[in-house]
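Here is a short report for a first look at this structure. Keep the model open while you read.

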Amino acid sequence: MHPADAPPTEGLLGHPAPPADATTVVPLPPALPETKGLLAPEPEPTPEPTPVPEQVPASAARADTGRADTGRTDTGRTDTGRAEPERPVRRRSVAEDTLTPEEWRAAGYTPPTGIPVPDLTAGAPGEAPWPDRMRTLLRTPMSERPAFERTAREMHPSAAVTRNVPRILDLTLRIGELLLASGEAAEDVEAAMLGIAHAYRLDRCEPQVTFTLIGISYQPSLVEPPVTADRVVRRRTSDYTRLDAVYELVADITAEKVTVNDAYRRLAVIRRNRHPYPAWFLALTTGLLAGAATFLVGGRMDDKAWLVFASAFVAAVLGDRLASALARRRLPEFYQFVAAAMPAAASGIILSLNDWGLRGSVVITGGLFALLPGRALVAAVQDGLTGFYITAAARLLEVIYLVAGIVIGVMVILYLGVGFEANLRPDESLVGVSYPPVQMVAAMLLTLAFATLLQTDRRALALVTVNSGIGWASYGALVYNAGVNPIAATGVAAGLVGLFGQLMARYRNGSALPYVTAAIGPLMPGSALYLGMLAFAQGHSSAGLVSVFRAAAIAMALAVGVNLGGEIARLFLKLPVGAERPSLYPVMPRRAAKRTRGF
C-alpha cells in the first residue's frame, strides 16, 4: 500500500493533515467527565463540530489539541479568513472564589492560580548596583529563584538571540578569575558570574567559587544534560585599577549594553593594560610607607625622627628588591616575606647597638606595617561571615603562612641582636595616640603609599586618604579621649572605614576594596606583633603569647568591623527599582547568607 493511501493514525500530537479532496471535520476535545470533589469543575456542554469546506493546513487542524497556531493573526482569525471556533470557558468553583492564597497556604495546598513569586527589577536593571541585584538571586535557592525579566527591546519578536553557551561560560569564568585574583570576596565573585550568565539569557546557572578553583554549571532544562566549566586561579595580583575596569565591564554586561564579542574585546584590553605605576616608583613607595609608619608608632617629631625615617625607608626598599629577586627565581611567596622582613629587623638592631636612643624598635615596627597582609585578612573574614567557609579557611591559612614568614625573618635577626646585647626597648613603639597632629598626617601618608602599592586608580587616591583620616581620627578619639579599649576602638574605626568605603564605591560605581583595604593600614596590629616576637626572642614565652593573641584579636576586630560597615551601608541604602516601568510584584529583599538554621 502506498503511504499516501494509509489510513490516518491517531497519536499524541493529533491527527495528520487530511487529503486535498476530502471534507474534514475538526472535533473539539471532549469535555472532561464530572469529578466529585471540592475543586471539580462544573460540566460543560460539548460544542458542535465545525465543518471545514476546504483543505485546512495541518497547523490549523491541530490548533485545538494544544499545538501552536502559526497562521493565527492578532484578530483571532486564521490566514484563510475563517473565524476561529470559540473555546470552552472554564468556570471557577466555589472553593476557588472563597479561599484566599493565605488560607490555601495554611491548609498546606497550593492555590490553583499559583503562588506569586517576587521578581527582580522590571525591564532595565535600573539604578541599583549590580552586586546588590545579583546577591538577591545568589542568596536564593534555584528552585525559588524568580525569572529574570528582559527589556522591551529583547522581548520584541524580531529580536532573535542566538546562544553560544560554551563561549558565555568561558567569558564568565575569565571575569570571575580576574575578580578572585584581585582579592574580591567569594560572594562578590559569584554574584558577578551569575549576573553575566543572566544577562546573556542563561538563567539556570549555579556558580561556585573556592580559593583556587571557580566553576559554573548551566542546565538548559530538566531533560537536557547540564553544561559545566571550571577554571583554576593560579596567579594573584593586586591591581585595583584593573579591578575597577572589570567592575565597569560587569556593570555594562548586566545592564544589557554589551554583546559577548564586545565583552571579549574589552576583557582582552583590560588584561593587556599595564600597571599605572612603574616598578621603581613602587619600590620608593614601599620605603615611604615604612617611614610614615615610624612617625605613626613613634609619634615624635624631633631631630632623631628623620634618621629613624631614613633607616626605615632604606630597609623597606632593600626588602622589596630582595623579595622581587626571589620572585624572579620562582621561589614561593613564603620565602619572599622571610627575605623582605630581614632588612628592617637588621636596621633596627644596628640602631640599637649604641646608647644614642635612635629607637630601633620603631624601625622594626615600621617595617612590619609594609608587610602585613591586610587585604587577604579582610577577604578571609568576609568569606567566613558570608558562609563561604572553605574559601575563608584557605585564605586564613594563607594569612597565617605569610605572617609566619614575617615572624621567621624578624625572629632570626632578633635572636642575633639579643645575642649581641642590642638595646631594644619595646616601649618606643607603644607611645599610643600621644601626638595627634603628627600621627594623623603619618596615617594618611601611610594610606596613600599603601593605595599606590595596590595599584589604585589615581582618581581614587584622594577618597582613600580621606577615608583613612576618618578611621584614624575615630580610633584616636576613642582611645585618647574616651579611654576605650584599643581592640574595641579598632573595631569601631574599621566599621566606619567600611561604611564610608562602601558609600564611596557606590558613588564611583566600583568595588569597595580600593577604598577600604588601604584605609585600614594604620590600624594594623604591627606593634603588638613586634612585641610578641621580641618577647619570644628574649625568652619570655608567656608575654609573647599574650602579645600574639592581642595582635590576632586586633586583626579580627579590624576585619569584622570592615565587613559590618559594608553590610550596614547595604542595609540602609534604598535599592531603587527599574526606571522604565514598575514591577508586577514587590522587589525581593536582599536575603541574608543563611547557610544553617542553628541546629
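Axes are lines fitted to C-alpha atoms, for helices over the stretch in contact, and angles run from 0 to 180 degrees between N-to-C directions. Helices (H or I, at least four residues) and strands (E, at least two) are DSSP runs, numbered from the N terminus. The model is predicted: local features need pLDDT of at least 70, side-chain atom pairs count only at pLDDT 80 or more, and totals for chains, interfaces and linings use all residues. Residues are numbered from 1 along each chain as its sequence is written, and side-chain values use heavy atoms, with hydrogens and water left out.

**The helix pair**

Start with helix α6 (residues 165-181) and helix α8 (residues 240-254). They pack at an angle of about 145 degrees, and their axes lie 10 Å apart. From α6 come Ile-175, Leu-178 and Leu-179. They meet Arg-242, Leu-243, Val-246, Tyr-247, Leu-249, Val-250 and Ile-253 of α8. Contact here means heavy atoms within 4.5 Å. The residues of this contact divide into 9 nonpolar, no polar and 1 charged. In this count Ala, Val, Leu, Ile, Met, Phe, Trp, Tyr, Cys and Pro are nonpolar, Asp, Glu, Lys and Arg are charged, and the others, Gly among them, are polar.

**The sheet**

Now turn to the strands. Two strands pair if DSSP finds at least two bridges between them. An open sheet holds 3 strands in the order β3-β4-β5, with antiparallel pairing. β3 and β5 (227-232) are at the edges with a single partner strand each, so one side of each has no neighbour in the sheet. On average, neighbouring strands are turned by 10 degrees against each other, direction ignored.

Strand β3 (residues 205-209) and strand β4 (residues 213-218) pair over 5 bridges. They form a hairpin with 3 residues between them. Two bridges are listed here.

| Residue | Bridge partner in β4 |
|---|---|
| Gln-208 | Gly-215 |
| Val-209 | Ile-214 |

Helix α7 (residues 186-199) packs on the sheet and touches β3 and β4. Its direction makes about 155 degrees with that of β3.

In a regular strand the side chains alternate between the two faces of the sheet. In β3, Cys-205, Pro-207 and Val-209 form the covered face, while Glu-206 and Gln-208 form the uncovered one.

Buried means under 20%, exposed over 50%, and partly exposed in between (1.4 Å probe, protein chains only). Leaving aside neighbours within four places in sequence, Ala-186 is in contact with Val-209, Asp-383, Phe-388, Thr-391 and Arg-395. Ala-186 and Asp-383 are 197 residues apart along the chain, yet their C-alpha atoms are separated by 6.2 Å.
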